[in-house]
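Here is a short briefing for a reader who is new to this structure. Please look over the sequence and the model before reading on.

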Amino acid sequence: MSVYKNPTWYKDAVFYELYIRAFKDGSGDGHGDLRGLLDRLDYLQELGVDCVWLLPMYPSPLFDDGYDVADYRNIHEDFGTLEDFKAIVDGVHERGMCIIVDIVLNHTSDQHPWFIESRQSKDSPKRDWYVWSETDQRYQDARIIFLDTEVSNWTYDELTGEYYWHRFYSQQPDLNYDNPEVQQEMLDIVDFWMEMGIDGFRVDAVPYLFERENTNCENLPETHDYVKRLRAHVEAKWPGRILLAEANQWPHDVREYFGDADEFHMAFHFPLMPRLFMSLKQRSRRSIVDIMNRTPDIPPMAQWCIFLRNHDELTLEMVTEEERQFMWEQYAPEPRMRLNLGIRRRLAPLLNNDRRRIELLNAMLFTLPGSPIIYYGDEIGMGDDIWRDDRNGVRTPMQWDTSKNAGFSSADELYEAMIDDRIFGFQGVNVAQQQADPESLWHKVVHMLTVRKQYRAFGRGSFEFELPENDGVLGYWRVYAHEDAPEIEPERFLVLVNLTDELQTVTLDLGAHQGKTPVDVLTSESWPEITAEPYTATLAPYEYVWLKLP
């Protein structure tokens, strides 16, 4: 595919996270599927995204929405067939986009044939494919991640009288990466999907692959050794394809997953996300500045992935206890809004459906360091339902129009009911209406993405704060020097955002750019020429500007 002529294509990409079951039903059975997705690929192209990320599509009992895999080499029957999947890959590529899929390395479903065989007897050939123990007292320093549902990382198996290890639900036993057969099998599975033409993997639950006594069983050296092997395998056989790490850790720990450009190409920047929300309630940039200052440099070929929301809860694992209580009080006052150490809400409800704040966070998402990810439906401001089980309330069907089931499905019964409340119901929030309204959120997001695509500074440029005395305003530079064409003047942007609901005036020292006239590339509006005097800027409530200095 031509995209591989640029081996760092992912640095300029905008990703779109998509749950197949929730996107479009093409067969009329109430479940979204690959045929339905195929019919909506033009929509993704029109939106302006560059890479589609599909949540797990493998056969699964769906206890954890597919992250409990029962067969790594097939498609869930509700979603279609391998032929349907190949049609998706081809259709994505024909439209100039890329596609990555989830791969769950750490664990399987307890319904996977490997585990069924493993638990048959202690002498089973697959026994050592999982982590078994005569006692549940091993690895006591490892935290329990799903605090609301699990009381231990061990579950007793009556069939063989031993315990098996799991970092997530007890229905998701962890694979044993000390077994060379497991390691090789996962590389073979990577090859299977790469041969189908995908452009990479989002690798789930990376930090937990190995277990060692007297450690927290996270980020172990053995895990990094295996990731290096995985990267070398991909580079040798599938150059141009990417690996994206889901490592829900502090930036200095995640930095290790880039290695010396020999581990992951990309990794999520988890702790930035809650601080974007925190800054609005605190009316201050301090939490954003703090986490960015704590973010280490990464290799030139590496890239962060940044996001506002996704299919899981808004995680509050990497904030202080005081900050966690603050976020719960401000964004999740109803206990049902909380899950584990996070908040189970979508973007628009979190921000009380305030267009100004929704746009502001998107304007930051598209200009802070990293490649942005949009969660399906957030481009139209979809809502959620906190009264549904687990995370189901943020995984509801896509709202296409005002017809039956919002145009998602012709079925009388859906896998999950539509959002149908007064504010976020599909009658008032849907793609068709927003596409018809040039002032809609959808058009605003499309415009931002269109402008972003014109420049490399936002995906590849350097980052430096420009902080006025007024900490209600955040400012930062994104500067890109054309490495392959040094005669071209660098792209230089100053992004300013007002994090408050009041008019804010700031004074900036821009003397180094004297004689230049900033232009807001979002509006094409010229600002006053920069002189030797301090530069004064006034921002309306929640205003954001992307100022290009020619």
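The points below cover cores, cysteines, one proline and the cavities.

The model is predicted. Its largest nonpolar core has 165 residues. The disulfide count is 0. Cavities of 30 Å³ or more number 2.

**Nonpolar cores**

- Five residues have the most contacts inside the largest core: Tyr-16, Leu-44, Phe-85, Phe-201 and Met-364.
- Phe-201 touches a set of residues beyond four places away in sequence, including Tyr-58, Trp-193 and Met-194. Its partners also include Ile-100, Val-101, Asp-102 and Ile-103. Ile-242, Leu-243 and Leu-244 are among them too.
- Another core, of 15 residues, lies apart from the largest one. Among its members are Trp-477, Leu-508, Ala-537 and Val-545.
- In soluble globular proteins, nonpolar side chains tend to be buried together.

- Cys-51 is in no disulfide, and the nearest cysteine sulfur belongs to Cys-98, 5.3 Å away.
- Cys-51 has 0% relative accessibility and counts as buried.
- Cys-217 is buried as well, at 1% relative accessibility.

**Pro-369**

- Pro-369 sits in the loop between helix 13 (355–365) and strand 14 (371–375).
- Is Pro-369 buried or exposed? Its relative accessible area is 17%, and the limit for buried is under 20%, so Pro-369 is buried.
- Beyond its neighbours within four places in sequence, Pro-369 is in contact with Met-292, Trp-304, Ile-306, Phe-463 and Arg-478.
- Arg-241 is 128 residues from Pro-369 in sequence, and their C-alpha atoms are 21 Å apart.

**Largest cavity**

- The largest cavity holds about 70 Å³ of space.
- Which elements each supply at least two residues of its lining? Helix 13 and strand 14 do.
- Strand 14 gives the largest share, 3 residues.
- The lining includes Leu-308, Arg-309, Asn-362, Leu-365, Ile-373, Ile-374 and Tyr-375. Asp-378, Glu-379 and Val-445 are also among the lining residues.
- By class, this lining has 7 nonpolar, 1 polar and 3 charged residues.

**Second largest cavity**

- The second largest cavity has a volume of about 30 Å³.
- Tyr-10, Arg-231, Phe-258, Ala-261, Phe-264, His-265, Met-301 and Ala-302 line it.
- Its lining divides into 6 nonpolar, 1 polar and 1 charged residues.

Notes: Residues are numbered from 1 along each chain as its sequence is written. This is a predicted model: local features need pLDDT of at least 70, side-chain atom pairs count only at pLDDT 80 or more; totals for chains, interfaces and linings use all residues. Side-chain values use heavy atoms; hydrogens and water are left out. A nonpolar core is a set of buried Ala, Val, Leu, Ile, Met, Phe, Trp, Tyr and Cys residues joined through side-chain atoms within 4.5 Å. Buried means under 20% relative accessible area, exposed over 50%, partly exposed in between (1.4 Å probe, protein chains only). Contact means heavy atoms within 4.5 Å. A disulfide is a pair of cysteine sulfur atoms within 2.5 Å. Helices (H or I, at least four residues) and strands (E, at least two) are DSSP runs, numbered from the N terminus. On a 1 Å grid over the protein atoms alone, a cavity is a set of points where a 1.4 Å probe fits but cannot get out, and a pocket is an open set with protein on both sides within 12 Å along at least five of seven lines; lining residues have an atom within 4 Å of a point. Grid points are joined across faces, edges and corners, and a volume is the space filled by probe spheres set on the points. Ala, Val, Leu, Ile, Met, Phe, Trp, Tyr, Cys and Pro count as nonpolar, Asp, Glu, Lys and Arg as charged, and the others, Gly among them, as polar.
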